[in-house]
Amino acid sequence: MANATYDRKEQYNQIQSGLLQGEQIIAVYDAIGTGTGFIGLTDRRVIIQDRSFVGKRFAITSIPYSKITSVSVVSNKSWGGQFFSTGAIAIHVGTHTYEVEFRGSDKTHHVHNVILHYIS
């Protein structure tokens, strides 16, 4: 997708190399903190690189939007503060929650809105 946004070209290329026929990339954002390398959003699924496996192994996890039960903005601010002030998002899939932290609230806002669009 010509207008996809991304932080790092190598992460974008990694997502692009695994696309299904006709699938389009919406965004690929670098994650901060331990465990998660990046998150990719396509028009069919959320793709998370998880680096939390033992022995320097990592997994690329694909989550179809139909399996996501909810998406949350994780914040340590009160409701009176700015809603998207932190850069963390939680994606709930069954009993598992994937938490991804970003540099910048604009990315948090974008990821939240894209996921919400596809799950509602």
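**A residue and its strand**

Modeller: Leaving aside residues up to four places away in sequence, histidine 92 touches Lys67, Ile68, Thr69, Ser70, Val71, Ser72 and Thr97. Touching here is contact, meaning heavy atoms within 4.5 Å. This is a predicted model, so local features need pLDDT of at least 70 and side-chain atom pairs count only at pLDDT 80 or more, while totals for chains, interfaces and linings use all residues. Residues are numbered from 1 along each chain as its sequence is written, and side-chain values use heavy atoms, with hydrogens and water left out.

Is histidine 92 buried or exposed? Histidine 92 is buried, with a relative accessible area of 19%. Buried means under 20% relative accessible area, exposed means over 50%, and partly exposed lies in between (1.4 Å probe, protein chains only).

Now the strand. Histidine 92 sits in strand β7. Strands (E, at least two residues) and helices (H or I, at least four) are DSSP runs, numbered from the N terminus.

Which strands pair with β7? Strand β6 (residues 70–74) is one partner: the two pair in the antiparallel sense over 5 bridges. Pairing requires that DSSP finds at least two bridges between the strands. Within this pair, serine 72 stands opposite alanine 90 of β7. Recall that Ser72 is also one of the residues that histidine 92 touches.

Strand β8 (residues 96–101) is another partner, again antiparallel, over 6 bridges. There, isoleucine 89 has valine 100 in β8 as its bridge partner. β7 and β8 form a hairpin with 2 residues between the strands, and glycine 94 takes a positive phi near 60° in it.

Step back to the protein chain. It has 2 helices and 8 strands. From the N terminus on, their order is β-α-β-β-β-β-β-β-β-α. Of its 120 residues, 42% are buried. Take contacts between residues at least 6 apart in sequence: 34% of them join residues at least 24 apart.

Last, confidence. pLDDT is the predictor's confidence in each residue, from 0 to 100. The protein chain averages 87, and 87% of the residues score at least 70. Confidence is lowest in β6, at a mean of 91, and highest in strand β2 (residues 25–30), at 96. Where pLDDT is low, the predicted coordinates should not be read in detail.
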